[in-house]
Amino acid sequence: MMQRVYIISNVEILALIADPLRLQILEALRTASYSPMRLSKRFNLSPQSLNYHFKILYENQLIYKKFEERKRGVFESFYMATAHIYRVDAKFINKSETEV
């Protein structure tokens, strides 16, 4: 389900990944699957703050749910990045430069 390159061709997606924490999340999820709970320990942040960012990335198809694990009656979802590389579309960059 992971593709090699994801082309960013709109400003909304570009704005989403401009957030430094979201970039860190995407970087971590390129090579391994994590749940917000497990990644929160690695980043030394609260699971709630990571849940928020995971939700945004998931809703915009920048990450996908790889599997769920059940622990003590609670499901924990693990995610991966949808691509190894995120690249801004050259047409998008050229269009922006000419409109400014």
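Predicted model: local features only at pLDDT ≥ 70, side-chain atom pairs only at ≥ 80, totals over all residues.
Good morning. Let us begin with helix 3, which covers residues 36–43. Which of its residues are buried? They are Pro36, Leu39 and Ser40. Viewed down the axis of helix 3, the buried residues fall within an arc of 110°, so they line one face of the helix. An α-helix has 3.6 residues a turn, so residues three or four places apart point the same way. On the other side of helix 3, Lys41 and Arg42 are exposed.

What covers the buried residues of helix 3? The cover includes helix 2, residues 20–29, helix 4, residues 47–59, and strand 3, residues 74–81. I shall take the two helices in turn.

Consider helix 4. Its axis lies 8 Å from that of helix 3, and the two pack at an angle of about 120°. An angle of 65 to 115 degrees would count as roughly perpendicular; helix 3 and helix 4 are therefore oblique to each other. Helix 3 passes helix 4 in a right-handed crossing. From helix 3, the residues Pro36, Met37, Leu39, Ser40 and Phe43 take part in the contact, and they meet Pro47, Leu50, Asn51 and Phe54 of helix 4. Sorted by class, the residues of this contact are 7 nonpolar, 2 polar and no charged.

We turn to helix 2. The axes of helix 2 and helix 3 come within 12 Å and cross at roughly 110°. That makes helix 2 roughly perpendicular to helix 3. This crossing, too, is right-handed. Here Leu21, Gln24, Ile25 and Ala28 of helix 2 meet Leu39, Arg42 and Phe43 of helix 3. The contact has 5 nonpolar, 1 polar and 1 charged residues.

Please note what follows helix 3 in the chain. Asn44 comes after the helix, and its phi is positive, near 60°.

Where is Ser9 found? Ser9 sits in the loop between strand 1, residues 3–8, and helix 1, residues 11–17. Leaving aside residues up to four places away in sequence, Ser9 touches Asp89 and Phe92. The C-alpha atom of Ser9 is also separated by 8.4 Å from that of Ala90, although these two residues are 81 residues apart along the chain.

Thank you for your attention.

Notes:
Residues numbered from 1 in each chain as written. Heavy atoms only, no water. Buried < 20%, exposed > 50% of the residue type's maximum accessible area, 1.4 Å probe, protein only. Helix = DSSP H or I, 4+ residues; strand = E, 2+ residues; numbered from the N terminus. Arc of directions from axis to C-beta. Contact = heavy atoms within 4.5 Å. Axes fitted to C-alpha atoms, helices over the stretch in contact; angles between N-to-C directions. Parallel < 35°, antiparallel > 145°, perpendicular 65-115°, else oblique. Left-handed = near helix turned anticlockwise from the far one by under 90°. Nonpolar A, V, L, I, M, F, W, Y, C, P; charged D, E, K, R; others polar.
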